[in-house]
Amino acid sequence: MDFLTFKTFISTDVLIAFYYLGAVILPITLWFFLIWASKKYQILGTIYETGQSLFWRSLTTKQQVGIILMFTAAFFFMQLFWRMMFEFLIAYMQIRDALVAEHLG
């Protein structure tokens with residue numbers, strides 16, 4: 001019951017599990033969801049394919065490579081930010097535990 005009233009913190013193991021859920025499982029799940037949605041709802045698939053075709057045909061090869069690199073870099077920066085956020089939370093909990101142990105001991 002202390003967990004629900006915020007008298008105790010969640011454990012580091014739970015944070016690590018949520019980190020992997022967000023860093024690995026979520027992108028893969030979203031990718032498969034988009035594939036499923038475009039197959040189930042034909043209009044979404046048609047809109048996506050038409051838009052993609054029109055967009056890529058309007059770009060030069062250099063622009064296409066630039067966009068691919070930009071989105072790849074953005075994905076890696078999002079992954080880095082996700083990792084740093086969880087490292088901060090874990091460090092906060094470890095600092096808090098050390099301070100509480102010092103205060104009680």
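Let's start where two helices meet: Ala37, Ser38, Lys39 and Lys40 in α1 touch Gln42, Leu44 and Gly45 in α2. Sort the residues of this contact by class and you get two nonpolar, three polar and two charged. Keep in mind as you look around that this is a predicted model.

How do you describe the way two helices sit together? Two packed helices are described by the angle between their axes and the distance between the axes. For α1 and α2, the angle is about 110 degrees and the axes are 4 Å apart. Angles from 65 to 115 degrees count as roughly perpendicular, so α1 is roughly perpendicular to α2.

Now follow α1 to its other partner. Helix α1 covers residues 12-40 and helix α3 covers residues 61-104; these two pack at an angle of about 170 degrees, with their axes 10 Å apart. On the α1 side, the contact is made by Thr12, Leu15, Ile16, Phe18, Tyr19, Gly22, Ala23 and Pro27. Facing them from α3 are Phe75, Gln79, Trp82, Arg83, Phe86, Leu89, Ile90 and Met93. By class, the residues of this contact divide into 12 nonpolar, three polar and one charged.

Let's zoom in on one residue from that list. Gln79 lies in helix α3. Is Gln79 buried or exposed? A residue counts as buried when its relative accessible area is under 20%. Gln79 comes in at 18%, so Gln79 is buried. And who does Gln79 touch, once you leave aside its neighbours within four places in sequence? The answer is Ala23 and Pro27, both of which are on the α1 side of the contact between α1 and α3.

Finally, look for the open space in the model. The largest pocket has a volume of about 700 Å³. It is lined by 18 residues, and Leu30, Trp31, Leu34, Ile35 and Tyr48 are the closest to its centre. Which helices build the lining of the largest pocket? α1, α2 (residues 42-57) and α3 each supply at least two residues. The biggest share comes from α1, which gives nine residues to the lining. What about the classes of the residues in the lining of the largest pocket? There are 16 nonpolar residues, two polar ones and no charged ones.

Technical notes
Residues are numbered from 1 along each chain as its sequence is written. This is a predicted model: local features need pLDDT of at least 70, side-chain atom pairs count only at pLDDT 80 or more; totals for chains, interfaces and linings use all residues. Side-chain values use heavy atoms; hydrogens and water are left out. Axes are lines fitted to C-alpha atoms, for helices over the stretch in contact, and angles run from 0 to 180 degrees between N-to-C directions. Contact means heavy atoms within 4.5 Å. Ala, Val, Leu, Ile, Met, Phe, Trp, Tyr, Cys and Pro count as nonpolar, Asp, Glu, Lys and Arg as charged, and the others, Gly among them, as polar. On a 1 Å grid over the protein atoms alone, a cavity is a set of points where a 1.4 Å probe fits but cannot get out, and a pocket is an open set with protein on both sides within 12 Å along at least five of seven lines; lining residues have an atom within 4 Å of a point. Grid points are joined across faces, edges and corners, and a volume is the space filled by probe spheres set on the points. Angles under 35 degrees count as roughly parallel, over 145 as roughly antiparallel, 65 to 115 as roughly perpendicular and the rest as oblique. Buried means under 20% relative accessible area, exposed over 50%, partly exposed in between (1.4 Å probe, protein chains only).
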